[in-house]
Amino acid sequence: MGLFSFLKRSTKNKALFTGLDHSGKSTIISFLQEGRFVEHVPTMGKDLTEMEVQGVRINFFDMGGQSHFRQMWLGEMDDTKCVVYVIDKSDTARFKEAKQELGKILPILKKKQIKLLIFANKHDLAPEVDLGQIITEFELANISNFEIVEVSAKTGYGMTDAFVKFYSILTGQIIRKSVVASAISIYNEGGVPLTVQSGGDDEEFNKKILEGGFLSAITAFAKTKIKNSSVKFESQDDGTYIILRSDNLIGALLWKEDLQIPINVSEEALKELMDHLETLQVHKHEEEISHLVQQYCTNLM
Ligand SMILES: Nc1nc2c(ncn2[C@@H]2O[C@H](COP(=O)(O)OP(=O)(O)OP(=O)(O)O)[C@@H](O)[C@H]2O)c(=O)[nH]1
Ligand SMILES: [Mg+2]
């Protein structure tokens with residue numbers, strides 16, 4: 001260890017975000033950190049941020065994408081474990097330029113055996129541009145050691161799956177799924193179901209949770225206009241349901257003994273999730289609620 005090595009920033013889990021200007025690099029990073037869309041100004045040079053997930057620290061190197069900053073990407077490759085290349089999938093007019101810039105970093109990635117993860121971003125603006133088209137236009141079939149994911153840093157589409165992939169490439173570890181509940185579902189204040197997430201994401205089970213006899217209990221609960229109140233009831237078949245009403249939403253969580261955690265831990269988790277949804281004021285945006293609950297269930301919040 002050199003005398004001044006302690007002054008060096010830890011670069012153990014360094015991820016380099018590259019891609020053309022305006023592709024959404026900074027927006028993706030802040031979404032991963034905060035679980036919501038944040039507007040950014042263009043990055044001048046580079047921005048460094050840090051995030052800790054399940055005890056593992058990740059250093060994000062958010063590189064400016066404007067042409068005069070692109071040289072800097074190469075200088076940051078040394079101790080990088082994963083390079084993320086962001087493409088604005090709605091901006092097909094710039095695909096050629098984006099392909100050219102990607103082509104410049106590929107030889108270094110190959111030489112240093114750095115894994116490449118491509119984020120096809122702004123899916124909300126161009127859902128019709130599919131991955132097949134991108135793979136063809138960028139001639140990705142010719143390169144090895146890469147993965148591609150479709151995301152939107154505006155709506156959160158695909159962000160949880162993308163992060164799970166990113167995290168495993170970067171740290172070699174798998175994100176532990178939350179075990180606070182067998183299922184979590186969110187309803188609007190009138191009791192209309194918005195989203196459901198369950199441990200195994202078993203569709204039949206999810207359907208049962210959303211539409212079963214349980215829904216009538218929610219609907220009844222929805223009529224009691226007492227905000228921030230909660231009830232518990234036991235179902236012989238399923239387990240214990242905890243229902244909580246926040247200012248604008250109703251959340252329900254299914255607790256089972258075989259989760260092997262005390263029921264009050266699950267209750268607290270539901271409260272935390274509902275607080276999060278209320279703070280972000282997403283109650284009118286069904287899709288966003290669904291992404292946030294998914295993110296919560298993956299322990300990313
Ligand atoms: N609709 C939509 N807009 C997005 C999305 N992601 C980013 N944006 C917008 O695209 C613009 C550019 O986003 P940035 O994150 O600043 O892009 P960048 O890649 O960091 O740009 P540079 O820092 O200049 O390299 C901003 O106005 C964002 O709000 C998305 O998924 N959907
Ligand atoms: Mg930026």
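Here is a short chat about the predicted model shown above.

Reader: How many helices and strands does the protein chain have?
Author: There are 9 helices and 11 strands in the protein chain. The structure is a predicted model, by the way.

Reader: What order do the strands of the 6-stranded open sheet come in?
Author: The order runs β2-β3-β1-β4-β5-β6, with mixed pairing. β2 (46–53) and β6 (146–150) are the edge strands, each pairing on one side only. From one strand to the next, the twist averages 25 degrees.

Reader: And in what sense do β1 and β4 pair, parallel or antiparallel?
Author: Parallel: β1 (residues 14–19) and β4 (residues 82–88) share 5 bridges. One pair to look for is Phe17, whose bridge partner in β4 is Val84.

Reader: OK, which strands does helix α3 touch?
Author: Helix α3 (residues 95–112) packs on the sheet against β1, β4 and β5 (115–121), and its direction makes about 170 degrees with that of β4. Helix α5 (residues 159–171) packs on the sheet too, touching β1, β2, β3 (56–63), β4, β5 and β6. The direction of α5 makes about 165 degrees with that of β5.

Reader: Switching to the ligand: which residues are closest to ligand 1?
Author: Gly24, Thr27, Thr43, Gly65 and Lys154 are the closest, out of 23 residues that surround ligand 1.

Reader: Which helix gives the most to that shell?
Author: That's α1 (residues 25–34), with 3 residues.

Reader: How does the shell divide into nonpolar, polar and charged?
Author: The shell around ligand 1 has 13 polar, 6 charged and 4 nonpolar residues.

Reader: Last one: what share of the chain counts as buried?
Author: 36% of the 301 residues.

Technical notes
Residues are numbered from 1 along each chain as its sequence is written. Chains are lettered from A and ligands numbered from 1 in the order in which they are written. This is a predicted model: local features need pLDDT of at least 70, side-chain atom pairs count only at pLDDT 80 or more; totals for chains, interfaces and linings use all residues. A residue is near a molecule or strand if its C-beta atom, placed from the backbone, lies within 6 Å of it. Helices (H or I, at least four residues) and strands (E, at least two) are DSSP runs, numbered from the N terminus. Ala, Val, Leu, Ile, Met, Phe, Trp, Tyr, Cys and Pro count as nonpolar, Asp, Glu, Lys and Arg as charged, and the others, Gly among them, as polar. A residue is buried if 20 or more other C-beta atoms lie within 10 Å of its own, exposed if 12 or fewer, and partly exposed in between; C-beta atoms are placed from the backbone. Two strands pair if DSSP finds at least two bridges between them. Axes are lines fitted to C-alpha atoms, for helices over the stretch in contact, and angles run from 0 to 180 degrees between N-to-C directions. Two residues are in contact if their C-beta atoms, placed from the backbone, lie within 7 Å.
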